Amino acid sequence: MQADSHKVPFFNKTLNLKVGLNQLGLRNAAEALFTSLLPGLNNVSERIRYYSFYCWIIGEFYKRDEGFTDKEFYRFIRYAEYLLALIHSGTDGIDGIPGITYALNVRPKSHEFNLQSGTYNSQGNTKRDTYWANAGGIFKQYYASSLKDIALLKENTGRSSVMNISKEKGLVNGHMLAEAFARNVGKDGQKFMEIIRRGTVTSDELDSLEPSFNMRKFPTQSDERDLMIEMLLQKDYPATESESCYRKSTICHFLRHFSRHGTKDDFTRYMYDEFISGHYDDNCILGWYRYHVNDNWQYQCSVILVAFLNQLAGNPDWQEASVAAEELASSILTDLGSEYGKSTLGEVCSSIGHDRIVTPAQHGNLDTAAAPAVVNLLGMYNSNKDLRDIRPDYREAFPRAMNHDFFTFMDEIDNCLETGFQEWLKDFILTGIIHCHYKVALRKYLQTGIASQKFIYENGMIRFLNWSEATHTAPRTDTLFEFLSDLELIDGKGITEKGEKVLKRLKEEEMCRH
């Protein structure tokens, strides 16, 4: 057995095991919600000025090339991206600049740089020894889908893999952002294009381009920045008939949260508390409330999986799965108090509700103990069970919402309240953790060929394979924080004067709607 692969019990070939994130398939409910609540953003694009940069650079490409291949288009994009990374490699502001690791390694070694050698290796491909492995560059891997969703780019007629900037009237389109970016870079834009055509650049040229092509901030007097704000405050999918404005509403709540000395890390909890306190009619608050409970649900279940794997790893032999589940259930009972061994599930829920069961605090992404996770799950049930009927139109507000989520889990608990707690616990570990993980891992393997299973399970017998880690989902709020920081609406101290003006406007628009 090697570190990341197993030669047994597989008889035909070594199986490389991947860590994976969604071991129980429960992250889908939370992910579907933050996708609806913050469309046009993703978790890997940290600098919003790349949105206008791509509009500009793609517009420049079409000015010079009418007949071209897809390969030529992406070669042009890769040259531009690598040049941008090289420009930033001479400054301190490198956070969120894709390709910067390669550029920082190359920059001290020479005073002149060949764009071809940084974008394609000696074999003519991009897989290794280049600034970015994806053949379509950072653009295709990180930005293209978001830019299309937010109607800055559109499909180029007859070319499924190549996009062009949008020019639709009545919205902030790609052409408008391209022109704003061009005005801000001025003559440096011509110099940037000349370097791409030439294929080489010097250190002095990189230094001279840095002020104009800084992706971390906008020029002081900039309509580009104002257009970016307007773009984010448009309806979610500007080029469609959909009228949803969840991104705009989220920004309003985010700024309000920062005006009350909140942080990005406690934003979803803030929205959860807003719903709990009676703000039931706001769809945006509803969505973030449901996100928060679904993320916590998947996290606590993942902690129980981690605890089970830790137990399983202590015995290298095959074990009966039901016996292993019973062993974990017994250890949880020991931690909670042996007197609960004869209690029903409902009685344990009541004890948790009255704070008669106390467990160690969790710390997030480091938790491995099952007992606190079980207490948190049942505590969430107590706190939210009476809120299920408040918004029966939930799935009308969020059509992408999953059918199976934490509210389904609460329904399942309702049906088991008279069941013995130890019996319920064993069954939950067996079906909700063991069987659930194996089904998810098997389905993933059949669909993608990626092996992520953490144990072998055959004929009721189980054997440890690999470790796992419980993590929270990333709901794009880190990206939103970075975007609003770059737009100078918030900073390390909270909401800025510019942010207050935007918040005031959003509040006034909110009042007009009501």
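Analyst: Since this is a predicted model, everything here is computed from it. A word on terms comes before the count: a cavity is a set of grid points where a 1.4 Å probe fits but cannot get out, whereas a pocket is an open set of points with protein on both sides.

User: Ok, and how much space lies in the largest cavity?

Analyst: The largest cavity holds about 30 Å³ of space.

User: Which residues line the largest cavity?

Analyst: Its lining is made up of Phe275, Leu286, Tyr289, Arg290, Leu387, Arg388, Arg391 and Phe407. Helix H13 gives the largest share of that lining, with three residues. Sorted by kind, the lining residues of the largest cavity are five nonpolar, no polar and three charged.

User: What about pockets, what volume does the largest pocket have?

Analyst: The largest pocket has a volume of about 800 Å³. Its lining consists of 38 residues, and those that lie nearest its centre are Arg269, His292, Asp295, Asn296 and His472. The elements that each give two or more residues to this lining are helices H12 (267-276), H13 (283-313), H15 (345-353), H16 (370-384) and H20 (477-486).

User: And how do the residues of that pocket lining divide into nonpolar, polar and charged?

Analyst: In the lining of the largest pocket, ten residues are nonpolar, 18 are polar and ten are charged.

User: Switching to charges, how many salt bridges does the count come to?

Analyst: The count comes to 24 salt bridges. As background, side chains of opposite charge can pair when their charged atoms come close. One example is the pair Arg47 and Glu482, whose side chains meet at 2.7 Å, N to O.

User: Which residue forms a salt bridge with Arg49?

Analyst: Arg49 pairs with Glu224, and their closest N and O atoms are 2.9 Å apart. This pair links distant parts of the chain, with Arg49 in helix H2 and Glu224 in helix H10 (residues 223-232), 175 residues apart. Arg49 is buried, with a relative accessibility of 1%, and Glu224 is buried too, with a relative accessible area of 0%.

User: And how exposed are Glu243 and Lys235?

Analyst: Glu243 is exposed, with a relative accessible area of 59%, while Lys235 counts as buried at 19%. Their side chains meet in a salt bridge at 3.5 Å, N to O.

User: Last topic: which residues form a nonpolar patch on the surface?

Analyst: Leu442, Tyr445 and Leu446 form such a patch, and together they have about 310 Å² of accessible area. Leu442 is found in helix H19 (residues 421-448), and this residue is partly exposed, with a relative accessible area of 45%.

Conventions. Residues are numbered from 1 along each chain as its sequence is written. This is a predicted model: local features need pLDDT of at least 70, side-chain atom pairs count only at pLDDT 80 or more; totals for chains, interfaces and linings use all residues. Side-chain values use heavy atoms; hydrogens and water are left out. On a 1 Å grid over the protein atoms alone, a cavity is a set of points where a 1.4 Å probe fits but cannot get out, and a pocket is an open set with protein on both sides within 12 Å along at least five of seven lines; lining residues have an atom within 4 Å of a point. Grid points are joined across faces, edges and corners, and a volume is the space filled by probe spheres set on the points. Helices (H or I, at least four residues) and strands (E, at least two) are DSSP runs, numbered from the N terminus. Ala, Val, Leu, Ile, Met, Phe, Trp, Tyr, Cys and Pro count as nonpolar, Asp, Glu, Lys and Arg as charged, and the others, Gly among them, as polar. Patches are made of residues with over 30% relative accessible area and no salt bridge: like charges are joined within 9 Å, nonpolar side chains (Val, Leu, Ile, Met, Phe, Trp, Tyr) within 5 Å. Accessible areas come from the Shrake-Rupley method with a 1.4 Å probe; for residues, only the protein chains shown count as cover. A salt bridge is a side-chain nitrogen of Lys or Arg within 4 Å of a carboxyl oxygen of Asp or Glu. Buried means under 20% relative accessible area, exposed over 50%, partly exposed in between (1.4 Å probe, protein chains only).
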